[in-house]
Amino acid sequence: GRRRVDKLVKVWRLDGEEAWVLVHVEVQSQPDVDFAERMYIYNYRIFDRYRRQVVSLAVLGDTSPTWRPDRFGYDLWNCQVAIRFPVVKLSDYRERWATLEASTNPFAIVVMAHLKTQETQGDLADRKRWKWSFTRRLYDMGLDRARVIRLYRFIDWLMWLPRALQAAYWQEVTMYEQEQATPFISYAEQIG
């Protein structure tokens, strides 16, 4: 059937060598027995289409400590086919929370938001508190408005809140924006 990669990016090397390297990033939020095979299929389909080197990277956002697929292959009649790919397990960053907090990389906030979303499944009031904390960090990082809005949209989608808590959250955002005179998110964007 029809398959789509999560992200396919063309990059250029810094050493001055003219080369294409296609980077395929696959984000998986729950264990899937077919994940490694899918990584292989996407890799060879990308190679087949572009005839360029492909780097496949897996980002695992699931909660299972043991699920870490990093390869696929088979061997039949002395014919071997295989792929091995790097894996980043977001749950590993729970133990590196202080490093995430100290980071100036906006992706650190995304990882923290992901981890706190999982952690606050049964405590939405705590999720609201964390969501506001991450939103405020976006304001305080000094990022341009467009980047803040893109990151905010992801965090808002990830850290879903029921209507009453979302209204209270927006009240905090609005008060903060009025105090700081830095409206990154317009009223229309809030409603949207």
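These legends describe close-up views of a predicted model. Local features need pLDDT of at least 70, side-chain atom pairs count only at pLDDT 80 or more, and totals for chains, interfaces and linings use all residues. Residues are numbered from 1 along each chain as its sequence is written, and side-chain values use heavy atoms, leaving out hydrogens and water.

**View A. The largest nonpolar core has 28 residues.** A nonpolar core is a set of buried Ala, Val, Leu, Ile, Met, Phe, Trp, Tyr and Cys residues joined through side-chain atoms within 4.5 Å. Buried means under 20% relative accessible area and exposed means over 50%, with partly exposed in between (1.4 Å probe, protein chains only). Trp97, Phe134 and Tyr169 are among the residues with the most contacts inside this core. Helices H2 (97-102), H3 (106-119), H4 (124-140), H5 (145-158) and H6 (163-180) each supply at least two of its residues. Helices (H or I, at least four residues) and strands (E, at least two) are DSSP runs, numbered from the N terminus. H3 gives the most, with seven residues.

**View B. Tryptophan 97 and its contacts.** Contact means heavy atoms within 4.5 Å. Leaving aside residues up to four places away in sequence, Trp97 touches Met112, Leu115, Lys116, Trp130 and Phe134.

**View C. A second, separate core has 12 residues.** Phe35, Ala58, Leu60 and Val81 are included.

View D. Gln166, Tyr169, Trp170, Val173, Tyr176 and Glu177 are the buried residues of H6. They fall within an arc of 120 degrees seen down the helix axis, so they line one face. The arc uses directions from the helix axis to the C-beta atoms.
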